[in-house]
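Below are my notes on the structure, for a colleague who has not seen it before. Please read them with the model open.

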Amino acid sequence: MAKIYSIILLSIIFSFIAISQEDNKIAIEIDDSGVDDIVGRRLVFQIKEKIRESEEMRITYSEDDTRVKIIIQTLPRFKDDESASTIYSIIWVLKGSDGPHILLNNTLGYCGSTSVESSAESIVA
């Protein structure tokens, strides 16, 4: 039931954001300052590429835009093989030019080096 409410809330918020943008695209800010591992950097790159390819979203870093900020943190899943996979935490926050930030969603997961593109696709979708 909570998932249904989250989906409805996200739909309303995304509709508001899209209407408020000149180009009718949802403004997305990516904060990847917590990404230091190899697979994590590849995952962030693919997430950015999926957003750039999207007809509904665009990447922005403008402080004037009302936007969804995606905060990404990653760590190597295995200490002895840092290039095998990553563990990620992703937080979606609605961020306006002023006022409080609103938590939209968060997720934890892991991604192997061979599934970076499909993981990025499921994160952005």
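1. In this predicted model, five strands form an open sheet with the order 2-1-3-4-5 and mixed pairing. Strand 2 (57–59) and strand 5 (102–112) are the edge strands, each pairing on one side only. On average, neighbouring strands are turned by 25° against each other, direction ignored.

2. Strand 3 (residues 67–76) and strand 4 (residues 85–95) run antiparallel and are joined by 10 bridges. Within this pairing, Val-68 stands opposite Leu-94 in strand 4. Helix 2 (residues 38–53) packs on the sheet and touches strand 1 (26–34), strand 2, strand 3, strand 4 and strand 5. The direction of helix 2 makes about 170° with that of strand 1.

3. The salt bridges come to seven. One of them joins the side chains of Lys-95 and Glu-29, at 3.9 Å from N to O. Lys-95 lies in strand 4 and Glu-29 in strand 1, so this pair ties together parts that are 66 residues apart in sequence. Both Lys-95 and Glu-29 are buried.

4. Lys-69 and Asp-31 form a salt bridge, with their closest N and O atoms 3.8 Å apart. Because Lys-69 lies in strand 3 and Asp-31 in strand 1, the pair ties together parts 38 residues apart in sequence. Lys-69 counts as buried at 15% relative accessibility, whereas Asp-31 is partly exposed at 21%.

5. In the salt bridge between Asp-32 and Lys-48, the closest N and O atoms are 3.2 Å apart. Asp-32 is in strand 1 and Lys-48 in helix 2, 16 residues apart. Asp-32 is partly exposed, at 28% relative accessibility; Lys-48 is buried, at 16%.

6. Salt bridges with shared partners join Glu-29, Arg-67 and Lys-95 into one network.

Methods: Residues numbered from 1 in each chain as written. Predicted model: local features only at pLDDT ≥ 70, side-chain atom pairs only at ≥ 80, totals over all residues. Heavy atoms only, no water. Pairing = 2+ DSSP bridges. Helix = DSSP H or I, 4+ residues; strand = E, 2+ residues; numbered from the N terminus. Axes fitted to C-alpha atoms, helices over the stretch in contact; angles between N-to-C directions. Contact = heavy atoms within 4.5 Å. Salt bridge = Lys/Arg side-chain N within 4 Å of Asp/Glu carboxyl O. Buried < 20%, exposed > 50% of the residue type's maximum accessible area, 1.4 Å probe, protein only.
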